[in-house]
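Thanks for coming, everyone. Please have the sequence and the model open while I talk.

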Amino acid sequence: FRSRFTWFGKYPDGWVGKQSRLTLYPKYVANALLHMSTSKYNPHNSVVLFRDDVAVERVVLSEGKEHTFNLRTSTEGAPTVYRFEVEDTFVPKKLHVNNDSRELGALVRLEPFAPKQEPR
């Protein structure tokens, strides 16, 4: 079993920092919905989405609202790489929220969808 996707720069609890990179493998993922939100510690934020190193979308994030990106994989069979650059980050420890010293930018959630299977 191969990986459906790899995501560098994403923490297990769903946070990303200034930059993260998601690679979708078209053999296992046809498209995916990525839900992204910001927090009360950086309530007005923005993110630039790159697909294979080309900027395709810039979105303003507001506290309490989730933005959904519809990510599609390549039809040629090559992996598709999405990069996210988040403008504002915060460090919870510096804000005396808790002892978390990570630089956090946005909270993300991914819903990958498998390609339709051809009838046998």
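I'll go from the overall layout to rings, then charges, then one surface patch.

Some ground rules. This is a predicted model, where local features need pLDDT of at least 70, side-chain atom pairs count only at pLDDT 80 or more, and totals for chains, interfaces and linings use all residues. Residues are numbered from 1 along each chain as its sequence is written, and side-chain values use heavy atoms, with hydrogens and water left out.

Layout, then. The protein has zero helices and eight strands. Both are DSSP runs numbered from the N terminus: helices are H or I with at least four residues, strands are E with at least two. The C-alpha trace spans about 60 × 30 × 25 Å along its principal axes. Of the 120 residues, 38% are buried. Buried means under 20% relative accessible area, exposed means over 50%, and partly exposed is in between, with a 1.4 Å probe and protein chains only. Now contacts, meaning heavy atoms within 4.5 Å. Among those with a separation of 6 or more, 67% join residues 24 or more positions apart.

On to rings. Which rings count as a pair? Rings of Phe, Tyr and Trp (its six-membered ring) do if their centres lie within 6.5 Å; planes under 30 degrees apart are stacked, over 60 edge-to-face, and the rest tilted. That rule gives four aromatic pairs. One of them is Trp 15 with Phe 90, edge-to-face, with 5.7 Å between centres and 80 degrees between planes. Trp 15 is in strand 2 (residues 15–24), and Phe 90 is in the loop between strand 7 (80–86) and strand 8 (106–113), 75 residues apart. Trp 15 is buried at 15% relative accessibility. Phe 90 is buried too, at 7%.

Phe 90 also pairs with Tyr 41: the centres are 5.3 Å apart and the planes at 35 degrees, so this pair is tilted. Tyr 41 sits in the loop between strand 3 (31–37) and strand 4 (44–51), so the pair ties together parts 49 residues apart in sequence. Elsewhere, ring pairs link Trp 7, Phe 69 and Phe 84 into a cluster.

Now charges. A salt bridge is a side-chain nitrogen of Lys or Arg within 4 Å of a carboxyl oxygen of Asp or Glu. How many does a search of the whole structure find? Seven. Take Asp 13 and Arg 102, with the closest N and O atoms 2.7 Å apart. Asp 13 is in the loop between strand 1 (5–10) and strand 2, Arg 102 in the loop between strand 7 and strand 8, 89 residues apart.

Next, Arg 83 bridges to Asp 53, at 2.7 Å from N to O. Arg 83 is in strand 7, and Asp 53 is in the loop between strand 4 and strand 5 (54–62). Buried or exposed? Arg 83 is buried at 17%, while Asp 53 is exposed at 62%. The charged end of Arg 83 also sits over the ring of Phe 50, 4.0 Å from its centre. That label requires NZ of Lys or CZ of Arg within 6 Å of the ring centre and within 35 degrees of the ring normal.

Last, the surface. Tyr 41 returns here, partly exposed at 35%. Tyr 41, Leu 95 and Val 97 form a nonpolar surface patch, with about 240 Å² of accessible area together. Patches use residues with over 30% relative accessible area and no salt bridge, joining like charges within 9 Å and nonpolar side chains (Val, Leu, Ile, Met, Phe, Trp, Tyr) within 5 Å. Areas come from the Shrake-Rupley method with a 1.4 Å probe; for residues, only the protein chains shown count as cover. Val 97 is in the loop between strand 7 and strand 8.
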